[in-house]
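Please look through the sequence and the model below with an eye to how its parts are arranged. The paragraphs that follow take up one region at a time.

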Amino acid sequence: MQQHKSPSSGAERPIPPERRLRVAEVRNVVAVTPHMRRVTLASTALMDFPVRRPAQWVKLFVPTPQSEKPSGRAYTIRHFREALCEMDIDLVLHGDGPCSTWAAGAKPGDVVQIAGPRSGFRLDPDVTHLLIGGDETALPAIGSILEALPSGLAVDAFVEIPEDADVQVIRSRADVEITWLPRNGREPGTATDLAAAMMSAHLPGENCEVWFAAEAATVRTVRRHFQLDRAMPRHRLTMSGYWKKGETDFRDGEGDQ
Ligand SMILES: Cc1cc2nc3c(=O)[nH]c(=O)nc-3n(C[C@H](O)[C@H](O)[C@H](O)COP(=O)(O)OP(=O)(O)OC[C@H]3O[C@@H](n4cnc5c(N)ncnc54)[C@H](O)[C@@H]3O)c2cc1C
């Protein structure tokens with residue numbers, strides 16, 4: 001007779017790859033722009049790391065001063081080089097919080113842990129126009145999405161950055177028009193230009209998709225506009241608060257990622 005194991009039989013369930021904690025070492029650190037530091041993480045534990053789509057993200061755990069427990073925050077995989085078992089993560093230097101502080105002093109040989117990857121961007125095959133936007137925390141995701149887009153797609157991109165010197169060069173096969181929105185001295189999370197640009201953007205016809213990530217209050221405003229004022233179908237909107245002014249380790253309960 002065939003034997004069936006009950007859940008209480010003690011049989012161990014395999015841990016899904018994206019839930020596994022992997023130890024990685026910092027291989028290199030470079031300044032991308034004044035407010036963005038690129039940390040290259042390497043590990044043989046990344047051999048079977050299932051990176052399949054742009055804008056996938058990981059939970060990055062860094063050492064917390066005066067605590068045994070590391071601090072974990074979400075960061076986008078900017079590049080993944082499977083053959084080298086390494087990935088680049090671009091961290092905003094915003095001056096507060098364990099991850100930003102760690103990034104400012106990160107050096108080769110430092111050890112972190114990562115869990116993931118999760119989510120990622122998928123373009124509906126019938127989409128002909130993409131509206132994409134975000135602040136500097138979303139720039140790694142926007143960069144990886146633009147680099148992966150096919151030719152023939154029209155894209156309007158709006159990116160808020162700390163200052164003019166934080167503009168990045170991003171290549172794409174798609175027909176992309178990027179508008180950079182530097183705050184130039186205004187505090188992060190206080191400027192309204194990004195929300196205004198997104199909400200006044202023209203979406204030609206029905207085959208349009210919108211992707212947006214930024215400070216939580218800005219995302220809320222933009223989400224409501226596209227859901228209520230423009231009545232866009234839910235499956236054509238991806239919106240996530242990536243951080244919240246005044247809140248540590250923020251998670252967007254309404255977010256799509
Ligand atoms: C799916 C996803 C992907 C993300 N990808 C990236 C990425 O690739 N690169 C990246 O830099 N960030 C990314 N973020 C945002 C990042 O997780 C947050 O900014 C996070 O709060 C940083 O952690 P921390 O330890 O530095 O600060 P926390 O301890 O979380 O916060 C400390 C203080 O800093 C403030 N704060 C947090 N972030 C900022 C900011 N950017 N500017 C100003 N003040 C801030 C908080 O309001 C709080 O007052 C992503 C978030 C999500 C959800």
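This is a predicted model: local features need pLDDT of at least 70, side-chain atom pairs count only at pLDDT 80 or more; totals for chains, interfaces and linings use all residues.

Helix α4 runs over residues 216-229, and its 14 residues reach 19 Å from the first C-alpha to the last, which is close to the 20 Å expected at 1.5 Å a residue. The buried residues of α4 are A216, T218, V219, V222, R223 and F226. Seen down the axis of α4, these buried residues fall within an arc of 150 degrees, so they line one face of the helix. What do the buried residues of α4 pack against? Their partners are α3 (193-199), β11 (208-215) and β12 (237-243). Just after α4, the backbone at A231 takes a positive phi of about 45 degrees.

Turning to the strands, the model contains an open sheet of seven strands in the order β4-β3-β7-β1-β2-β6-β5, and the pairing is antiparallel. At the edges of this sheet stand β4 (71-76) and β5 (79-81), each of which has a single partner strand, so one side of each is left without a neighbour in the sheet. From one strand to the next, the twist averages 35 degrees. In general, the strands of a sheet pair through backbone hydrogen bonds, either parallel or antiparallel.

Is P162 buried or exposed? P162 has 21 C-beta neighbours inside 10 Å, and because 20 or more are required for the buried class, P162 counts as buried. Leaving aside residues up to four places away in sequence, P162 touches H35, E136 and R183. Along the chain P162 and A174 are twelve residues apart, and their C-alpha atoms are separated by 26 Å.

The chain averages a pLDDT of 93, and 96% of the residues score at least 70. Over residues 1-8, however, the pLDDT is below 50, and beyond near neighbours in sequence this stretch has one contact in the model.

Note on methods: Residues are numbered from 1 along each chain as its sequence is written. Helices (H or I, at least four residues) and strands (E, at least two) are DSSP runs, numbered from the N terminus. The expected span of a helix is 1.5 Å times one less than its number of residues. A residue is buried if 20 or more other C-beta atoms lie within 10 Å of its own, exposed if 12 or fewer, and partly exposed in between; C-beta atoms are placed from the backbone. The arc is that of the directions from the helix axis to the C-beta atoms. Two residues are in contact if their C-beta atoms, placed from the backbone, lie within 7 Å. Two strands pair if DSSP finds at least two bridges between them. Axes are lines fitted to C-alpha atoms, for helices over the stretch in contact, and angles run from 0 to 180 degrees between N-to-C directions. pLDDT is the predictor's confidence in each residue, from 0 to 100.
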